[in-house]
Amino acid sequence: MGRRFLVALGGVMLTLSMAACSGGGAGSGDDKSDAKPGDLTIGVSMPTQTSERWIADGNAVKSKLEAKGYKVDLQYAGDDIPTQSQQVDQMITQGADVLIIAAIDGTALSSQLQAAASAKIPVISYDRLIRGSKDVDFYVSFDNYKVGVAQGTALLVGLGLLNKDGSKGTAKGPLNVELFAGSLDDNNTQYFFGGAMDTLKPFVDDGTLVVKSKQTTPEQVATLRWQQETAQKRMENLLTSSYNDGSKVDGVLSPYDGISRGIITALQNAGYGTAAKKLPVVTGQDAEIASIKLINDGVQSSTVFKDTRLLADQAVNAAEAFLQKKEPQANDTKTYNNGVKVVPAYLLPIVTVYKDDIKTALIDSGYWTAEEVAAGQAKK
């Protein structure tokens, strides 16, 4: 991995000298602090438009940067790694002053980051940590381990094993559950799944929860590219292979709302969601409007809300700090080791949303309107 480029010895010595003075890495280059925003361009690379979450992220970052006067080059890669690589290459060659990147594959952009460092372009890793490169300057995200803990807890609450306040619930086991994880090429997957399994493990160990398929490792339960259709297919296979004896699924750990909807579709096609066979508890993440309607209608149990408006704010703050030749404010400088370095990070809080939280968490905050929730569709 990595673009090969040659520099003369004098150039190497100059680079080392600059690194010694400024701390090195991308972001230690030309001073942009006196430049007008209208003369600066921020490259924003988002993974896909198949998820409304990433559309919202891209729009939020773009609008907030443009409100401050910056030019923005926003590109979506269609979940295609070569496309994202080409788009980032183009941003670099066209003279982007900062890059904000939500990577499709957290290990596939090393050559682009090396080129950015050579061009002295700071790189902000957006929500998905870019791995295997020293040329990542900052990371903005949520506390992804806590997201997993919240999802595991929400499954236990939905099953009645815990109350929302954390106290013991009235339900008794054994209860059958199945596990889903995100895409293994997304660094967040390990945190989501790790936090969830640390939460669920005591209940699995004492037999309260039974994973009937016995599929419990990240490799067994992963969902490539977080695709709804892939999740639906796997759930269908699980029902056929592990629940053809008349037993039923009581709960499903799902790490993302799109995956949740695929799971729910498979369950409904198998006869769940009737008076005789109620739907299992299904968790989620991202508060996508289609899933918020499902939660409001009592179909999906919960989701973890990560306010992309706040994430966009932190990405903008970090970009401006780099342009002013300052270090962005970090609130975690220990957790996120990308395999080469610990990347300083700013982590944001999360909120678990059940049906009775929709108004306060989402409608009152202006994230969704009551009309959008009722329709299950965003107006914008």
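Modeller: First, a definition. Axes are lines fitted to C-alpha atoms, for helices over the stretch in contact, and angles run from 0 to 180 degrees between N-to-C directions. Helices (H or I, at least four residues) and strands (E, at least two) are DSSP runs, numbered from the N terminus. This is a predicted model, where local features need pLDDT of at least 70 and side-chain atom pairs count only at pLDDT 80 or more, while totals for chains, interfaces and linings use all residues. Residues are numbered from 1 along each chain as its sequence is written, and side-chain values use heavy atoms, without hydrogens or water.

Biologist: Why are helix 3 and helix 4 called roughly parallel?

Modeller: Helix 3 (residues 81-93) packs on helix 4 at an angle of about 5°, with the axes 10 Å apart. Angles under 35 degrees count as roughly parallel, over 145 as roughly antiparallel, 65 to 115 as roughly perpendicular and the rest as oblique. Helix 3 and helix 4 are therefore roughly parallel.

Biologist: Which residues make that contact?

Modeller: S85, V88, D89 and I92 of helix 3 meet Q112, A115 and A116 of helix 4. Contact means heavy atoms within 4.5 Å. By class, there are four nonpolar, two polar and one charged. Ala, Val, Leu, Ile, Met, Phe, Trp, Tyr, Cys and Pro count as nonpolar, Asp, Glu, Lys and Arg as charged, and the others, Gly among them, as polar.

Biologist: What makes helix 2 oblique to helix 11?

Modeller: Helix 2 (residues 52-67) and helix 11 (residues 308-323) pack at about 45°, with axes 9 Å apart. That angle makes helix 2 oblique to helix 11. Helix 2 passes helix 11 in a right-handed crossing. A crossing is right-handed if the near helix is turned clockwise from the far one by less than a right angle, and left-handed if anticlockwise.

Biologist: Which residues of helix 2 and helix 11 meet?

Modeller: R53, A56, D57, A60, V61, K64 and L65 in helix 2 meet T308, R309, L311, A312, D313 and V316 in helix 11. This contact has seven nonpolar, one polar and five charged residues.

Biologist: Why is helix 5 oblique to helix 6?

Modeller: Their axes come within 7 Å and cross at roughly 40°. That makes helix 5 oblique to helix 6. Helix 5 also passes helix 6 in a right-handed crossing. The contact has ten nonpolar, nine polar and one charged residues.

Biologist: How many cavities of 30 Å³ or more are there, and what makes a space a cavity?

Modeller: There is one. On a 1 Å grid over the protein atoms alone, a cavity is a set of points where a 1.4 Å probe fits but cannot get out; lining residues have an atom within 4 Å of a point. The largest cavity holds about 50 Å³, a volume being the space filled by probe spheres set on the points, which are joined across faces, edges and corners. Its lining includes Q151, F180, F192 and P255. Helix 6 (residues 188-205) gives the largest share, four residues. The lining divides into seven nonpolar, three polar and no charged.

Biologist: How do you know that the bond from G173 to P174 is cis?

Modeller: Its omega is near 0°. P174 sits in the loop between helix 5 (144-159) and strand 6 (175-179).

Biologist: What is the phi of K120, and where is K120?

Modeller: K120 has a positive phi of about 60° although it is not a glycine. K120 is in the loop between helix 4 (110-118) and strand 4 (123-126).

How values were computed: 1 Å grid on protein atoms, 1.4 Å probe; cavity = no way out; pocket = protein on both sides within 12 Å on 5 of 7 lines; lining within 4 Å.
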